[in-house]
Amino acid sequence: MTLEAASLKKALEQTFPGAQIRGIAKTPYFGLYEVMFDDRIVYTDAKAKYMLVGAVYDTESKTNLTEERQRKQNRVSVAALPLDFAIKKVKGNGERKLVVFSDPDCPFCARLEKTLKNIDNTTVYTFLFPIDQLHPDAARKSRMIWCAPDRQKAWDAHYDSGTLPDNLGECENPVARTQAIGASLKINATPTLIFADGSMVPGAIPAERLESEFAKSDAEVKKIAAAKK
């Protein structure tokens with residue numbers, strides 16, 4: 001960190017006591033500094049007198065520069081995720097990897113499940129992530145689905161017809177742990193998608209956006225692999 005960035009960090013910490021400042025970098029536009037507050041990017045001047053909250057767009061490339069930077073800054077280590085705690089579904093050759101944090105009572109998760117039916121050549125790992133504050137019965141349903149003889153079949157049946165497996169959800173299950181994992185990743189909404197490059201995208205995005213995110217992720221994975229050679 002440069003002396004100027006260190007001085008700016010100190011000023012911000014005094015203005016916002018207790019805030020988690022993960023990084024500060026000089027931007028090539030407007031003389032602003034990019035500040036990573038927790039998992040969000042904001043912009044400020046060199047003396048932290050003014051702050052800009054919002055997105056910066058490149059009009060030539062039609063790119064949301066803030067979103068792209070935030071995507072890179074908030075990458076998740078997919079390799080570190082305990083995928084044995086997830087429901088696994090392989091479609092086609094399964095070459096494209098997708099992790100989803102999902103709540104069985106979330107209407108947007110239901111929308112994503114419909115979209116995923118038409119997405120081929122993927123391996124989807126679904127972490128049961130009931131949000132108790134919004135859906136008080138979702139944790140119970142999550143445990144019941146996990147305790148089914150065929151978890152993937154039970155998950156699909158729940159979204160296709162609203163049915164639940166015939167059990168009390170009393171088997172050993174990872175639901176509390178997957179809730180803790182999601183919280184540690186600062187996931188606070190479902191569905192939240194994580195692609196192979198670690199990029200985290202919230203929401204029930206449509207099929208066209210899904211394909212675009214897969215393409216971005218694959219390109220980034222190849223770029224990272226090439227840089228390691």
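Visitor: How are helix 4 and helix 5 oriented to each other?

Guide: A word on the source comes before the answer: this is a predicted model. Helix 4, residues 138–146, packs against helix 5 at an angle of about 135°. Their axes are 8 Å apart. An angle of 65 to 115 degrees would count as roughly perpendicular and one over 145 as roughly antiparallel, so helix 4 and helix 5 are oblique to each other. On the side of helix 4, the contact is made by Lys-141, Ile-145 and Trp-146. Helix 5 contributes Arg-151, Ala-154, Trp-155 and His-158. Sorted by class, the contact of helix 4 with helix 5 has four nonpolar residues, one polar and two charged.

Helix 5, which spans residues 151–161, also packs with helix 3, residues 107–116. Here the angle is about 110° and the axes lie 10 Å apart. Helix 3 and helix 5 are therefore roughly perpendicular to each other. In this contact, Cys-109, Ala-110 and Glu-113 of helix 3 meet Trp-155, Asp-156 and Tyr-159 of helix 5. Four of the residues in the contact of helix 3 with helix 5 are nonpolar and two are charged, with no polar ones.

The surroundings can be described through the nonpolar cores. In soluble globular proteins, nonpolar side chains tend to be buried together. The largest nonpolar core in this model has 14 residues. Those with the most contacts inside this core are Leu-81, Val-99, Phe-101, Phe-127, Phe-129, Ile-181 and Ile-194. At least two residues of the core come from strand 8 (96–102), and at least two from strand 9 (122–128). Ile-194 touches Leu-81, Val-99 and Phe-101, and its other contacts include Leu-98 and Leu-185.

Elsewhere in the model, four strands form an open antiparallel sheet in the order 1-2-3-4. Strand 1 (21–26) and strand 4 (51–52) stand at the edges with a single partner strand each, so one side of each has no neighbour in the sheet. Five bridges join strand 1 to strand 2, residues 33–37. Ile-21 stands opposite Phe-37 in strand 2. Helix 1, residues 3–15, packs on this sheet and touches strand 1, strand 2, strand 3 and strand 4.

Methods
Residues numbered from 1 in each chain as written. Predicted model: local features only at pLDDT ≥ 70, side-chain atom pairs only at ≥ 80, totals over all residues. Heavy atoms only, no water. Axes fitted to C-alpha atoms, helices over the stretch in contact; angles between N-to-C directions. Parallel < 35°, antiparallel > 145°, perpendicular 65-115°, else oblique. Contact = heavy atoms within 4.5 Å. Nonpolar A, V, L, I, M, F, W, Y, C, P; charged D, E, K, R; others polar. Pairing = 2+ DSSP bridges. Core = buried A, V, L, I, M, F, W, Y, C linked by side-chain atoms within 4.5 Å. Buried < 20%, exposed > 50% of the residue type's maximum accessible area, 1.4 Å probe, protein only. Lists of a residue's contacts leave out its neighbours within four places in sequence.
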